[in-house]
Amino acid sequence: MNWEAVYHDAKQWVKEAGERIRLSFQQTLTIKTKSNPNDLVTDIDQEIEQFFIRKIRDVYPEHKILGEEGFGDQLDQLNGTVWLLDPIDGTMNFIHQQRNFAISLGVYENGIGKIGIIYDVVHDEMYHTLCGNGAYLNEKPIAPLKERGVKESIIALNATWVMENHRINHQILIPLVRDARGTRSYGSAALEMVYVATGRVDAYISMRLSPWDFAAGAILVEELGGIVTNLRGEKLDFLSKDSLFAAKPGLHQDILKNYLKNGNW
């Protein structure tokens, strides 16, 4: 496999897709709901996924595709080369704000991350890595992550998880929120993982995400020395939904041991 060529093509296609999304800002969107009234999809999400599938199938017909909108392959294993794609991560933000969303694309070989690309379309910021070669914001290298303590940290965390909810005991996360310097929520898993990778936030916690939400971000964070697991501290499963915990080194172990250990995740 010529990974440099795949990397070049992937970045080019992401750029082209971003331009298509920007041109759509003046259009009237067709909006539908999926699993619940707040799980939204637009015709642009579907169009962009189909754009990627055409490009990948034309150039790399032997590769498989796992995409959020379901136009790719149905997979029960990650053998071979698999592209994990979210054409618009943060669709609600895309609809309501026309910002705070991203294209997320991870390329894996036999379950191992090779290429991670997250493109903040509105700001024309592409975060990307070919594993083992450093990570970049556009053409500027991103510095490796440094350790940080909880009291100096900003945690990306949706407020839902520190309110009474049906998924977890919200009391478990309250001490972490109390002890941290601050919390933030952006509504896009891809961007929140990019913010961990760049040090804009120090950790990101989510209770339930799909593989295409975190596939690219996991590669970027780990390339820069961060740690990505589920909330039990286990390796992520890139074929099923799971919780997510991405953080700087040191901080990950601290939060896992002192704040998350009693959770029924």
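How many bridges join E12 to E14, and do these strands run parallel or antiparallel? E12 and E14 run antiparallel and are joined by 5 bridges.

## Basis of the description

The structure is a predicted model, in which local features need pLDDT of at least 70 and side-chain atom pairs count only at pLDDT 80 or more, while totals for chains, interfaces and linings use all residues. Residues are numbered from 1 along each chain as its sequence is written, and side-chain values use heavy atoms, with hydrogens and water left out.

## The chain as a whole

The chain contains 7 helices and 14 strands. Helices (H or I, at least four residues) and strands (E, at least two) are DSSP runs, numbered from the N terminus. With a radius of gyration of 18 Å, close to the 18 Å that the globule rule gives for 265 residues, the chain is as compact as a globular protein of that length. The radius is taken over C-alpha atoms, and the rule is 2.2 Å times the number of residues to the power 0.38. The C-alpha trace spans about 50 × 40 × 35 Å along its principal axes.

Of the 265 residues, 51% count as buried; buried means under 20% relative accessible area, exposed over 50%, and partly exposed in between (1.4 Å probe, protein chains only). The accessible surface of the chain comes to about 12100 Å², and carbon and sulfur atoms contribute 46% of it. Such areas come from the Shrake-Rupley method with a 1.4 Å probe, and for residues only the protein chains shown count as cover. Among contacts (heavy atoms within 4.5 Å) with a separation of 6 or more, 61% involve residues 24 or more positions apart.

## The five-stranded sheet

An open sheet of 5 strands has the order E11-E10-E12-E14-E13, with mixed pairing. Its edge strands are E11 (182-184) and E13 (227-229), each of which pairs on one side only. Neighbouring strands of this sheet are turned by 15 degrees against each other on average, direction ignored. Two strands pair if DSSP finds at least two bridges between them.

Strand E10 (residues 154-157) pairs with E11 in the parallel sense over 3 bridges, and Ile155 has Thr183 in E11 as its bridge partner. Helix H5 (residues 189-198) packs on the sheet and touches E10, E11, E12 (203-209), E13 and E14 (242-247), with its direction at about 155 degrees to that of E12. Helix H6 (residues 211-223) also packs on the sheet, touching E12, E13 and E14, and its direction makes about 155 degrees with that of E13. For these angles, axes are lines fitted to C-alpha atoms, for helices over the stretch in contact, and angles run from 0 to 180 degrees between N-to-C directions.

Strand E14 is mostly covered, with 6 of its 6 residues buried. In E14, Ala247 stands opposite Ala203, and Ala246 stands opposite Val228. E13 and E14 run antiparallel and are joined by 3 bridges.

## Two residues with positive phi

Most residues other than glycine have a negative phi. Asn100, in the loop between helix H3 (91-96) and strand E5 (102-109), has a positive phi near 60 degrees. At 25% relative accessibility, Asn100 counts as partly exposed.

Asn110 has a positive phi near 50 degrees and is found in the loop between E5 and strand E6 (112-120). Asn110 counts as exposed, because its relative accessibility is 51%.
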